[in-house]
Amino acid sequence: MLRGGKPRTTRTMDGTPRTASGLALEWLAAAALLAPGWLLPLARDQGHFAYCGQVVASGGLPYVDVFDQKGPATHYTFALLVALLGPSPIAVRGVFFVVALLSTRLAASLGERLAGAAARLPCAVLLALAVFQGDGGTAWNTGQIEDIQLLLELCAVWLLARARATWLHWWLAGLALGTSVAYKPTALLTALLVSMAAIGWGTSTSAGEAEPGRPSRGACVAAVVLGGLTIPGAMAAWLAYRGAWEACWEVLVGFNLAYAGRRESIASGVMMLLSRWGPLCAVAVCGLLLRPAVEGRLTGTLLIWHLVGSVAVVLWQGKYWPYHWTLVLGVLAIYAGVAAGRAISEFAGRLRELVGLRWLARPVAAALALLLALLAGPVDHRFLFEVYKGAVSVAAGRQPLAAYRAAFLAGAVSSPVHEQVAAYLRAHTQPDEPVLVWGYESVLYFLAQRPAPTRFVVDRVLCLAQPRQAAWRAEFLSALRRRPPSYVVVVEGNATPLWKDSSAELAAFPQFHSLLKREYRLEATIDHCRLYRWRLAGPWPPADATASRTASRQTLHPGARQSPEATAAQAGQRAHSAR
C-alpha cells in the first residue's frame, strides 16, 4: 500500500491501471487450479522418464544404458531433478507444477498484448485448465515433456514479439526453441515456422533493412540459429564424446522412423480435437476472429504459426494421446481467453454505465472471467469437481492419498496397483537385485527402486518390426543370461489401438517365452501383473565383496561390461543355488 492508502498499481500496455490485487488473483487462481497436481501419482510415462533420469544421474548414458525415443534433454532434465530432489514422485510433480504455473504467467502476458488487461485472468485460468486436463487421465496427461515444451515455446514467442527485441532477445528465443527440439525433435517444424515468421515481420524491405529499433535480418537469423544450436549442439557433442552418438542416432532416427509408421488417420485426429475439446475450440475461434491490438499483431502472427506447426506435428505423429495436444491446447486457451476478456471488458463497461458503481465492475468482471474460463476449459467438469474435493479431503486428513490416486488412470493398472507391485518387489529382493518388467509399466522400476538388467525397459521396443529388431532381441536375451532378474513382471490387459497386449507380444517372442517358462515360476498375481520368480534365485549381491562392489556400480548400467570377478561370482552363486 502507498501512503495514501491506495493499492499499488502499474500500467498495462493500453495505459489502464493494473493493481497488485489483480496480479495476485491471477497467481492464486492458476496455482489453485494446478495445486492438486502435487498429489497425482506417477503414471507410466512419468515413471519411465524418472527411471531413465535415475540411470543417467548415476552416470549412465541415454540410449546406451537405458532406451527411450525422446530427445536427450528429457533424460538429462529428469537426471537433474532426481539428483537434486531425490527419487520422489512428489518432487517430480512439484517441478511440473512450477513449469505449468510459469506457463500461465506467459499466457497472461501474451493475452494482454492481444486484447488488453481484461484478457490476462481468463488466459491464465484457461491455460492452467488446458495443462491440467481435469479428467480420469489427468495423471497420465500431465507432467509430460510437452508441458516443458509449451513453456519454452511460449517464452520464445514472448521474446520475439517484444516491441524492441534486441539481438539478445532473439538469441534467447532461439535458445528456447532449440531446447524444445532437444526434448522432442518433432518440435523442429514449429521452431522453424515461428522463427521465419518473426524474421519476416522484423524486416520491412526486400533488402533486409530493419524496422527502427530492431536488428537487421542477418543479425536476427544469426541470433536465432546460434541460440537454437546451443543446447542440441552441446548435447550432441557430449554424447559423441562419451561414445553414445551412434546409439542416439539409431534410436532418434532409425527407431522413431519405424515407430512413426504406426499412426491413426488424420481425420480421427481432427475429430478427437473437436469432440474432446469442442467448447474450447469454439471460443478460441472467436478469439482468432477478433482484431488484435496494434501492439499485439506480431504476437498474434507468431501464435498462429505456432498453432499451425503444433497441429501439423500432432497429425504427422498420428498417436493422438491427449498430452500430444498440449501445445495446441495452450495456444487455443490463450485465444479463448482473449475472447472471454473482450466479452468481459464490454460487459464491465456497460455495467459501469448502467449502475454507476466503478468499484463493482472489477470484481464482477473477475468473477465472470473465472466462470467463462471454467465453462470453456478442456476438462470434464464433474470429474474436476471430484478432483478438487478429493484434494481438499486429503489435505484435511479425511481421505487417504492412495484412495485419491486410485481415481486416476496411471497405465494398464491404477496407481495403488503400481504401489502394491513395487512394495512386493522391495520386500522380496535386495536393493541391487535386478527385476524385469515385460510391458509398459517401467514406472515400477522407479517406485520399487530396483534396476533393470537391460537397457530395454519397455517391451514395445522389442515388439516393433524394424531392421534392428533381431539384433536388439539378441542383446536383450544376452543381458538376461548374463544377469538374470530375480523377478519378471508380465503385465496383461494393456493393449492399445497401436499395440497388442504384452502377453500376446510375449507369445510372439518364442526365445524369451521359452526362457520364462524354463527358468521362472509364477509366484504371485496382483491385478493385471503376474510376478514370476527365478527358480535359481539366491541372495544378492554376491558374498564376494569385490563382486558386490562391481555389481553395485552396474546397478543402473545394464549395458556396461561385467568384470571377470563379478561374472565368476555370479556363476558360483547360480551353481550353489542349483545344488
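Reader: Among contacts in the protein between residues at least 6 apart in sequence, what share joins residues at least 24 apart?

Author: In this predicted model, 73% of the contacts between residues at least 6 apart in sequence join residues at least 24 apart. The protein has 26 helices and six strands, and of its 579 residues 56% count as buried.

Reader: What makes α1 and α5 roughly parallel or roughly antiparallel?

Author: The axes of helix α1 (residues 20–34) and helix α5 (residues 120–132) cross at roughly 15° and come within 9 Å. Angles under 35 degrees count as roughly parallel, and the crossing angle of these two helices therefore makes α1 roughly parallel to α5. As for its hand, the crossing of α1 and α5 is right-handed.

Reader: Which residues of α1 and α5 meet?

Author: From α1 the residues are Leu23, Leu25, Glu26, Ala29, Ala30, Leu33 and Leu34, and they meet Arg120, Leu121, Ala124, Val125, Ala128, Leu129 and Phe132 of α5. Sorted by class, this contact has twelve nonpolar residues, two charged ones and no polar ones.

Reader: How do you know whether Ser109 is buried or exposed?

Author: Ser109, which is found in helix α4, has a relative accessible area of 18%. Buried means under 20%, and Ser109 is therefore buried. Leaving out residues up to four places away in sequence, Ser109 touches Arg120 and Trp158.

Reader: What makes Ser103 buried or exposed?

Author: Ser103 also has its place in helix α4, and its relative accessible area is 1%. With the limit for buried set at under 20%, that value makes Ser103 buried. Beyond residues up to four places away in sequence, Ser103 touches Leu127, Asp147, Leu150, Leu151 and Leu154.

Reader: Why is Gly439, in the loop between β3 and α20, called buried or exposed?

Author: The relative accessible area of Gly439 is 0%, and a residue under 20% counts as buried, so Gly439 is called buried. This residue lies in the loop between β3 (435–438) and α20 (443–448). Not counting residues up to four places away in sequence, Gly439 touches Val457, Val458, Asp459, Val491, Asn494 and Ser502. The C-alpha atoms of Gly439 and Cys529 are separated by 9.5 Å, although these residues are 90 apart along the chain.

Reader: Which residues in the largest nonpolar core touch the most other members?

Author: They are Trp325, Phe476, Phe512 and Leu531, in a core of 159 residues. Helix α4 (residues 89–115) gives the largest share of this core, eleven residues. In soluble globular proteins, nonpolar side chains tend to be buried together.

Reader: What is Leu531 in contact with, leaving aside its neighbours within four places in sequence?

Author: Leu531 is in contact with Val421, Tyr424, Leu425, Tyr487, Val488, Val489, Arg521, Leu522, Glu523, Ala524 and Ile526, once those neighbours within four places are left aside.

Key:
Residues are numbered from 1 along each chain as its sequence is written. This is a predicted model: local features need pLDDT of at least 70, side-chain atom pairs count only at pLDDT 80 or more; totals for chains, interfaces and linings use all residues. Side-chain values use heavy atoms; hydrogens and water are left out. Axes are lines fitted to C-alpha atoms, for helices over the stretch in contact, and angles run from 0 to 180 degrees between N-to-C directions. Helices (H or I, at least four residues) and strands (E, at least two) are DSSP runs, numbered from the N terminus. Angles under 35 degrees count as roughly parallel, over 145 as roughly antiparallel, 65 to 115 as roughly perpendicular and the rest as oblique. A crossing is left-handed if the near helix is turned anticlockwise from the far one by less than a right angle, and right-handed if clockwise. Contact means heavy atoms within 4.5 Å. Ala, Val, Leu, Ile, Met, Phe, Trp, Tyr, Cys and Pro count as nonpolar, Asp, Glu, Lys and Arg as charged, and the others, Gly among them, as polar. A nonpolar core is a set of buried Ala, Val, Leu, Ile, Met, Phe, Trp, Tyr and Cys residues joined through side-chain atoms within 4.5 Å. Buried means under 20% relative accessible area, exposed over 50%, partly exposed in between (1.4 Å probe, protein chains only).
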